[in-house]
Amino acid sequence: MTAVPAEDPRTARTRAKLRQALLEECAHRPLGEVSVAALVRRAGVGRATFYLHYADLEALAVDTCADVVREAVDALHAWRGRPDPATPPPALPEFFERLAPHAGLYRELLRPGGSGPLGQVLHQDLRARSRTERALAGAPEPDLVASAVAATFAGVLADWLHGLIDAGPTEIAQRVWRLLVNLHRTPLS
């Protein structure tokens, strides 16, 4: 097995500047109204540097919001033993709470139903994690249930962000948790 090389510290700093600049720009206007010129000016880097790291603004936005994907996957798996269907792990309501400051950007990348560039990343990461954990536990149908969990969570998250589900962060966390626990419990024989 080969080790994955660590990211160059300069590359990491530049990408962090660009991600932060994007969040700051999107706090004032939708992603579609953000220009590369304004972004690089805010980040303090050159236009060529931007294109060295990202193909376009959407690629930067997906990279910036990829943390939401990691947080979602971690929040859904932040329990050990047998899950209590009535009480989600504390990381799940915290995850929904943290979405609020940049909800507009997430809505642009995660369309209703869970599609869009961020939806693809969320589905892929959540499906892989769910499948692995289900297979390790020896649970039946790891591929089927992992797909159902990933699609359900991505769809509910997107619809909630778009205002199609009326619930606060704590309530949606409880509702989605019960739904996902029931998906895992569904007999598949």
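These legends describe close-up views of a predicted model. Residues are numbered from 1 along each chain as its sequence is written, and side-chain values use heavy atoms, with hydrogens and water left out. In this predicted model, local features need pLDDT of at least 70 and side-chain atom pairs count only at pLDDT 80 or more, while totals for chains, interfaces and linings use all residues.

View 1. Glu 25 is part of helix α1, residues 9–26. Helices here are DSSP runs (H or I, at least four residues), numbered from the N terminus. Glu 25 is buried, at a relative accessible area of 5%. Buried means under 20% relative accessible area, exposed over 50%, and partly exposed in between (1.4 Å probe, protein chains only). The Glu 25 side chain makes a polar contact of 2.6 Å with the side chain of Arg 29. Another polar contact, of 2.7 Å, joins the side chains of Glu 25 and Arg 42. A polar contact is a pair of N or O atoms within 3.5 Å; within protein, one must be able to donate a hydrogen and the other to accept it, and residues adjacent in sequence count only if both atoms are side-chain atoms. Leaving out residues up to four places away in sequence, Glu 25 touches Val 34, Ala 38, Leu 39 and Arg 42. Contact means heavy atoms within 4.5 Å.

**View 2. Cys 26 and Cys 65.** The count of disulfides is zero. A disulfide requires a pair of cysteine sulfur atoms within 2.5 Å. For Cys 26, the nearest cysteine sulfur is that of Cys 65, 7.9 Å away. Cys 26 is buried, with a relative accessible area of 17%. Cys 65 is buried too, at 1%.

**View 3. Aromatic pairs.** The model has six aromatic pairs. Rings of Phe, Tyr and Trp (its six-membered ring) pair if their centres lie within 6.5 Å; planes under 30 degrees apart count as stacked, over 60 as edge-to-face and the rest as tilted. The Phe 50 and Tyr 54 rings have centres 6.1 Å apart and planes at 40 degrees, so this pair is tilted. Phe 50 and Tyr 54 are both buried. Phe 96 and Trp 160 pair edge-to-face, at 5.1 Å centre to centre and 90 degrees between the planes. Phe 96 sits in helix α5 and Trp 160 in helix α8, so the pair ties together parts 64 residues apart in sequence. Phe 96 and Trp 160 are both buried. Ring pairs join Phe 95, Phe 96, Phe 153 and Trp 160 in a cluster.

View 4. Helix α9 holds 17 residues, 169–185. At 1.5 Å a residue it should span 24 Å, and its end C-alpha atoms are 24 Å apart, which agrees. The expected span is 1.5 Å times one less than the number of residues. Ile 172, Ala 173, Val 176, Trp 177, Leu 180 and Val 181 of α9 are buried. These residues cover an arc of only 160 degrees around the axis, which puts them on the same side of α9. The arc is taken from the directions from the helix axis to the C-beta atoms. An α-helix has 3.6 residues a turn, so residues three or four places apart point the same way. The buried residues of α9 pack against α4 (57–76), α5 (91–99) and α8 (142–161).

**View 5. Ser 130 in helix α7.** Ser 130 belongs to helix α7, residues 117–136. Ser 130 is buried, with a relative accessible area of 2%. Apart from neighbours within four places in sequence, Ser 130 contacts His 77, Ala 146 and Val 149.

How values were computed
Helices (H or I, at least four residues) and strands (E, at least two) are DSSP runs, numbered from the N terminus.
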